[in-house]
Amino acid sequence: QVTTVYKENKMKATRMLRTLQTMTTVYFFMIITIIWLLAEWIIQLFAGVAFTESVIATKGLLIAVFFVGINAFRMQYFVITGNDKIFAKINISASLIGLALTTVLTWLYSYKGAIAAFIAVAIFAFGASVIKWRQEKR
């Protein structure tokens with residue numbers, strides 16, 4: 001739908017994406033915060049015991065999911081506006097960084113390293129898309 005709107009009215013589509021991005025950010029922040037606070041209880045509900053390692057892993061993954069989620073419409077903006085190269089560069093860079101970080105950090109720190117790598121890649125992709133998005137707005 002946003003693609004169709006963009007073809008007809010670029011400003012309207014950009015406003016729509018900004019609104020969706022803001023709503024998604026607020027929604028993700030609220031939901032992730034609730035899950036973060038209830039992580040131990042949720043894990044105990046499903047596993048019978050709230051293992052400390054499971055709580056740590058869940059909370060770490062929630063951080064990464066937050067950054068991935070709040071970045072969704074910003075990344076979609078690049079595709080809709082025909083900036084596929086920016087979209088591709090961010091994703092390829094994030095993939096290569098993720099591969100290297102995951103390999104090293106998992107070897108050094110086991111699953112905690114993999115979670116740290118996932119968080120780092122999510123933050124990298126978010127940061128890169130914010131920078132490129134602001135450059136596009138100039």
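Guide: Helix 1 (2–8), helix 3, helix 4 and helix 6 are among the parts that cover the buried residues of helix 2. Covering here goes by contact, meaning heavy atoms within 4.5 Å, and helices are DSSP runs (H or I, at least four residues) numbered from the N terminus. This is a predicted model, where local features need pLDDT of at least 70, side-chain atom pairs count only at pLDDT 80 or more, and totals for chains, interfaces and linings use all residues. Residues are numbered from 1 along each chain as its sequence is written, and side-chain values use heavy atoms, with hydrogens and water left out.

So which residues get covered? The buried ones in helix 2 (under 20% relative accessible area, with a 1.4 Å probe and protein chains only) are A13, T14, L17, Q21, T24, I32, A39 and I43. Here's a handy bit of background: an α-helix has 3.6 residues a turn, so residues three or four places apart point the same way.

Now follow helix 2 from its start. There, a side-chain oxygen of N9 comes to within 3.2 Å of the backbone nitrogen of M11. That's a polar contact: a pair of N or O atoms within 3.5 Å, one able to donate a hydrogen and the other to accept it, where residues adjacent in sequence count only if both atoms are side-chain atoms. Further along, helix 2, which spans residues 10–47, bends by about 65 degrees at L38. The bend is the angle between axes fitted to the seven residues ending there and the seven starting there. After helix 2 comes G48, with a positive phi near 90 degrees.

Definitions and conventions:
Helix = DSSP H or I, 4+ residues; strand = E, 2+ residues; numbered from the N terminus. Buried < 20%, exposed > 50% of the residue type's maximum accessible area, 1.4 Å probe, protein only.
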